[in-house]
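Hi,

Here is the structure I promised to pass on. Please open it alongside this message; my notes follow below.

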Amino acid sequence: MRAENEVESIVEHLRDLLNTRQGEAITVPDFGVIDFTDLVHNFPDAIQLLQRSIRATILQYEPRLKNVVVQHVRDEDVLVLKFQISAQVATRTGRGGVRFETQLRAGGHVTVR
């Protein structure tokens, strides 16, 4: 697999992973991130909980990424939470740094670019 295709595959997997809430996958109850609708009343402290959940989920369920760092990025729109994910790709096709931008919008949908 070429490196570009591999990164595209990782992005697709991250979209699935970050749009799944823990408990939704019957066979793997901890697959996905914590349900942030339960955290709304704990803002701004909830941002750190969500950040840790994203990182832990990626480390556990996306083995092609190593040295994962998740950082909150402030946005003018208070209804959007942005996170930047930086990591190293460690696979047969090579090693290199990648950076993904995520946006969590009202309604709970996460986009990954």
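Ile85 touches Leu18, Ile54, Ile58, Val68, Val69, Val70, Val98, Arg99, Phe100 and Thr102, leaving aside residues up to four places away in sequence. Bear in mind that this is a predicted model.

Ile85 also belongs to the largest nonpolar core, which has 26 residues. Together with Leu14, Ile54, Ile58, Leu65 and Phe100, Ile85 is among those that touch the most other members. Helices α1 (3-18) and α2 (45-61) each supply at least two residues of this core. So do the strands β1 (65-73), β2, β3 and β4 (110-112).

Next, the aromatic rings. The structure holds one aromatic pair. Phe31 and Tyr61 have ring centres 5.0 Å apart and planes at 70°, so the pair is edge-to-face, the cut-off being over 60 degrees. The two partners come from distant parts of the chain, 30 residues apart. Phe31 sits in the loop between α1 and α2, while Tyr61 is in helix α2. Phe31 has a relative accessible area of 18%, and Tyr61 has 19%. Buried means under 20%, so both residues count as buried.

Last, the largest pocket. Its volume is about 390 Å³. The lining has 18 residues, and Phe43, Val78, Leu79, Val80 and Leu81 are the closest to the pocket centre. The elements that give two or more residues to this lining are β2 (80-91) and β3 (94-105). By class, the lining has ten nonpolar, four polar and four charged residues.

Best wishes

Conventions. Residues numbered from 1 in each chain as written. Predicted model: local features only at pLDDT ≥ 70, side-chain atom pairs only at ≥ 80, totals over all residues. Heavy atoms only, no water. 1 Å grid on protein atoms, 1.4 Å probe; cavity = no way out; pocket = protein on both sides within 12 Å on 5 of 7 lines; lining within 4 Å. Points joined across faces, edges and corners; volume = space filled by probe spheres on them. Helix = DSSP H or I, 4+ residues; strand = E, 2+ residues; numbered from the N terminus. Nonpolar A, V, L, I, M, F, W, Y, C, P; charged D, E, K, R; others polar. Core = buried A, V, L, I, M, F, W, Y, C linked by side-chain atoms within 4.5 Å. Buried < 20%, exposed > 50% of the residue type's maximum accessible area, 1.4 Å probe, protein only. Contact = heavy atoms within 4.5 Å. Phe/Tyr/Trp six-rings, centres within 6.5 Å; stacked < 30°, edge-to-face > 60°.
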